[in-house]
Number of protein chains: 2
Amino acid sequence: MAQQPALLDADGPDTVRMTPDEARALGEESLCRLGYPQDEAAIITDQLIDNALCGYRFASLPRILAIAGDEKTRQPRRPVTVIRETPVSALLDGGNNVGYVAAYRGAEMAIDKAKVSGIAVIGVSDSYYSGRNAYYVEMIARAGLVAIHTASAKPRVLPPGGTRPALGTNPIAIGFPSEGEPVVYDIGTASMMWGEVLLHAQLGLPIPDGVGFDAAGQPTADANEVVKGGVVPFAGHKGYGLSFAIQALGLLAGAAIPRGQVQDYGFLFIAIDPAILLGPGVFAGQMSELVERMKATPLASGVDGIRIPSERAFHERARRREEGIVLDRVVVESLRAL
Amino acid sequence: MAQQPALLDADGPDTVRMTPDEARALGEESLCRLGYPQDEAAIITDQLIDNALCGYRFASLPRILAIAGDEKTRQPRRPVTVIRETPVSALLDGGNNVGYVAAYRGAEMAIDKAKVSGIAVIGVSDSYYSGRNAYYVEMIARAGLVAIHTASAKPRVLPPGGTRPALGTNPIAIGFPSEGEPVVYDIGTASMMWGEVLLHAQLGLPIPDGVGFDAAGQPTADANEVVKGGVVPFAGHKGYGLSFAIQALGLLAGAAIPRGQVQDYGFLFIAIDPAILLGPGVFAGQMSELVERMKATPLASGVDGIRIPSERAFHERARRREEGIVLDRVVVESLRAL
């Protein structure tokens, strides 16, 4: 008899395993108790469950506890509305809604406009917690469109030579439809995800050398000090420049509108229908061929394959849909107690 | 009496100092002798002189010798033509022209269409030598538009775990208008510029550890072996993924059209009029404020300022316009002998 492959996630006395549907129900109920209407609770939870399925356990249901504790959640929310619109663009007022909702509306509108006009640019501001950028980009790619998405945020990242954060963790995601699964590239431009810094602080783990700085701009490995300071960009000046460009693209998305601050949250979406350039039905096949050509690269010894962006996450998602997802018991209990 | 600041570039027995106009005349005459019409010779030379002014000496007039020696230059050229067009897009056939010409036509069209429609995406294929990407992006930013430009190329870069190049050096450039000079971010996604690899081979200099691989995919510091192999992407998997995304954006630009190859040259331009999102006259001021805020970051000891992307190059350009540019005597003589 063939041996069963090991589960992706280990169970333990402090964990609870749930089907995606059970976890979804728990998330939606918690958010409704926080005052979210059912449709928004469903939009937020869908992403949080997808994050867990793709292997981002701490970007999943625990985020509802973070949302519950955030001062912005206690400030009034307005529906996401259109401030300015053309056939190829829209500037959205995020209405102090979490990014899970506001950026989702931006991605929806990018799809609608690009389907009609061939290309669209959408900006969203007055929001927080942009969410997992790959989620929105996959959504746009599944609509048959090429997507570029950037998200600027408030300062967490020190520019080279500076002693105070001046840039957000500023992620960029780029997605492509193919004949198979979409291909989605998604990175943060900080040397460490901010959520990971917070987790290190919670668990008392050190921050790697050269990454973290305290409130006075002195290098430190103490995650609790880094939380009050910031981290450096990835890849030196190349990463710094990209982070700077994403902060500027945030301005284009309206980042400075809500509070008059040029260093603030701005989510930008560009969606392109490949048919306007290549004609209908051409791009997806070429994209699949590019993936095949990359995977056909001869391998160094000991390497079992060339990785394609998002491939691992999508494999894991398929497995966890069967195996279920693992949550910390304390998270489940805290959500039930909200 | 105040001391004169040192010249940016040193003179020597093997160099010639020229005014930009003298260098321009030399470049245009050489290209006309190679068969380029006057208008195209002027377009190519304008960029090559700008490259020298900005400090990229080897991306300047020596490139005319490289063009003269390239087999593609001996193949027939056709005028750059439009294959497919909408109010927001154009796919251009580069006509086997050097990128200096073909990408310039793409940037021009991106400006024209974005000025009318608010946003535009332009693809250019059947070309080679994309040129300095910052040049086109600055041109679009000076027209008051935000620009994103990527250029895919034929394989020079090994994906992690692979033993053969499968990606181009795939640069990305992003540019922004401001109330002062435009801000232009421009990087290659290879760990080393290919032109630099060729120069190291010419000069017999070693390639840094971990960067270069020979034709068999074995690590080597010998630049002459690396020329037959390739280099790794910058920044590990984050850089690899970006390079992969740029190869895919190249498909959108038509890379696979001329030769049916998905790993080939494709230059993509996206130009956005910020007014469609923010209303007229808003973005440039916010961009200048972002630059000021970045530069106001408190400095670590020994640091004399926060660098803004393209700032150094533009300062040097202003100085070299006065001081002149320095060319190798052998380059000048070879150009005159063409």
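**Exercise 1. Determine which residues B:Ser243 touches, not counting residues up to four places away in sequence.**

Solution. The structure is a predicted model, in which local features need pLDDT of at least 70, side-chain atom pairs count only at pLDDT 80 or more, and totals for chains, interfaces and linings use all residues. Residues are numbered from 1 along each chain as its sequence is written, chains are lettered from A and ligands numbered from 1 in the order in which they are written, and side-chain values use heavy atoms, with hydrogens and water left out.

Step 1. Apply the contact criterion (heavy atoms within 4.5 Å). With residues up to four places away set aside, B:Ser243 touches B:Leu167, B:Gly168, B:Asn170 and B:Thr189.

Step 2. Locate the residue. B:Ser243 belongs to helix α9 (residues 236-252) of chain B; helices are DSSP runs (H or I, at least four residues), numbered from the N terminus.

Step 3. B:Ser243 has a relative accessible area of 0% and is buried (under 20% relative accessible area, 1.4 Å probe, protein chains only).

**Exercise 2. State where B:Thr45 lies and whether it is buried or exposed.**

Solution. 

Step 1. Helix α2 (residues 38-53) of chain B contains B:Thr45.

Step 2. The relative accessible area of B:Thr45 is 0%, so the residue is buried.

Step 3. Apart from neighbours within four places in sequence, B:Thr45 is in contact with B:Ala23, B:Arg24, B:Gly27, B:Glu28 and B:Leu31.

**Exercise 3. Describe the interface of chain A and chain B.**

Solution. 

Step 1. Count residues: 75 residues of chain A are in contact with 75 residues of chain B.

Step 2. Give the area. About 6,300 Å² is buried between chain A and chain B, with 75% of it from carbon and sulfur atoms; buried area is the accessible area (1.4 Å probe) that two parts lose on being put together, summed over both.

Step 3. Count polar contacts. The rule (a pair of N or O atoms within 3.5 Å; within protein, one able to donate a hydrogen and the other to accept it, residues adjacent in sequence counting only if both atoms are side-chain atoms) finds 18 residue pairs across the interface, both at pLDDT 80 or more.

Step 4. Identify the main contributor. Helix α9 (residues 236-252) of chain A supplies the largest share of the side of chain A that touches chain B, 12 residues.

Terms used:
Helices (H or I, at least four residues) and strands (E, at least two) are DSSP runs, numbered from the N terminus. Buried means under 20% relative accessible area, exposed over 50%, partly exposed in between (1.4 Å probe, protein chains only).
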